[in-house]
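Trainee: I'm new to this one and would like to learn how to read it. Could you walk me through it step by step?
Mentor: Gladly; let's look at it together.

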Amino acid sequence: MSFIKEFREFALKGNVIDLAVGVIIGAAFKTIVDAVVNDIALPVVGIFFKADFSNLYVGLNEEVRNAVTANPKMSLADARKLGPVLAWGDFVSVGINFLILAIIIFLMVKAINTLKRKHEEAPAPPAEPSSTDKLLMEIRDQLKK
């Protein structure tokens, strides 16, 4: 019975719950970043380089290379049917995705740290002494006289 109790204490700790929430939000955030990269960033980059990154690959055997030579606009899916390919365009997409995600997370952490510093730097206003404190100060002052 102690194992179940110990597991329940572990699972209900604040850090575990926070981690679970972070993973769920991170997964949702990843889909947003994927959409930004695939639907906005990569098409713009593709305009400058005259390329669709999702379809860039190199055939790894002679059959694929011959087929690509005969049909230069062959899709990645069709090339994969013929044999092994090195789909380096997908790698570029993932790399751009990572860079955008890293920049966004950096900016978020930087903003949070700035807010924390401002909150820590703001001096707390002096507390108004309570009636008991006022009475004690009066007694102290009378004793000094």
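Trainee: Leaving aside its neighbours within four places in sequence, which residues is Ala 79 in contact with?

Mentor: First, a word on the source: this is a predicted model, where local features need pLDDT of at least 70 and side-chain atom pairs count only at pLDDT 80 or more, while totals for chains, interfaces and linings use all residues. Residues are numbered from 1 along each chain as its sequence is written, and side-chain values use heavy atoms, with hydrogens and water left out. Contact means heavy atoms within 4.5 Å. Beyond its sequence neighbours within four places, Ala 79 is in contact with Tyr 57, Val 64, Met 74 and Val 85.

Trainee: Which residues make up the largest nonpolar core?

Mentor: The general idea is that nonpolar side chains tend to be buried together in soluble globular proteins. A nonpolar core is a set of buried Ala, Val, Leu, Ile, Met, Phe, Trp, Tyr and Cys residues joined through side-chain atoms within 4.5 Å. Buried means under 20% relative accessible area, exposed over 50%, and partly exposed in between (1.4 Å probe, protein chains only). Here the largest core has eight residues: Tyr 57, Val 64, Ala 67, Met 74, Leu 76, Ala 79, Val 85 and Ala 87. Helices H3 and H4 each supply at least two residues of this core. There is also a second, separate core of six residues, with Val 37, Leu 42, Phe 53 and Ile 96 among them.

Trainee: How many salt bridges does the structure hold?

Mentor: A salt bridge is a side-chain nitrogen of Lys or Arg within 4 Å of a carboxyl oxygen of Asp or Glu. The structure holds five. One of them joins Arg 65 to Glu 62, with the closest N and O atoms 3.1 Å apart. Both residues lie in helix H3 (residues 62-70), three residues apart, about one turn of the helix. As for helices, they are DSSP runs (H or I, at least four residues), numbered from the N terminus.

Trainee: Which parts of the chain does the pair of Arg 80 and Asp 90 link?

Mentor: The side chains of Arg 80 and Asp 90 meet in a salt bridge of 3.8 Å, N to O. This pair links distant parts of the chain, with Arg 80 in helix H4 (residues 76-82) and Asp 90 in helix H5 (residues 88-121), 10 residues apart. Arg 80 counts as partly exposed at 46% relative accessibility, and Asp 90 is partly exposed at 31%.

Trainee: Is Asp 34 buried or exposed?

Mentor: Asp 34 lies in helix H2 (residues 14-49). Asp 34 is called buried because its relative accessible area is 19%. Its side chain is joined to that of Lys 30 by a polar contact of 2.6 Å. A polar contact is a pair of N or O atoms within 3.5 Å; within protein, one must be able to donate a hydrogen and the other to accept it, and residues adjacent in sequence count only if both atoms are side-chain atoms. Not counting residues up to four places away in sequence, Asp 34 touches Asp 39 and Asn 97.

Trainee: How far apart are Ala 102 and Phe 53 in space?

Mentor: Ala 102 and Phe 53 are 20 Å apart, C-alpha to C-alpha, and 49 residues apart in sequence. Ala 102 lies in helix H5 and counts as partly exposed at 33% relative accessibility.
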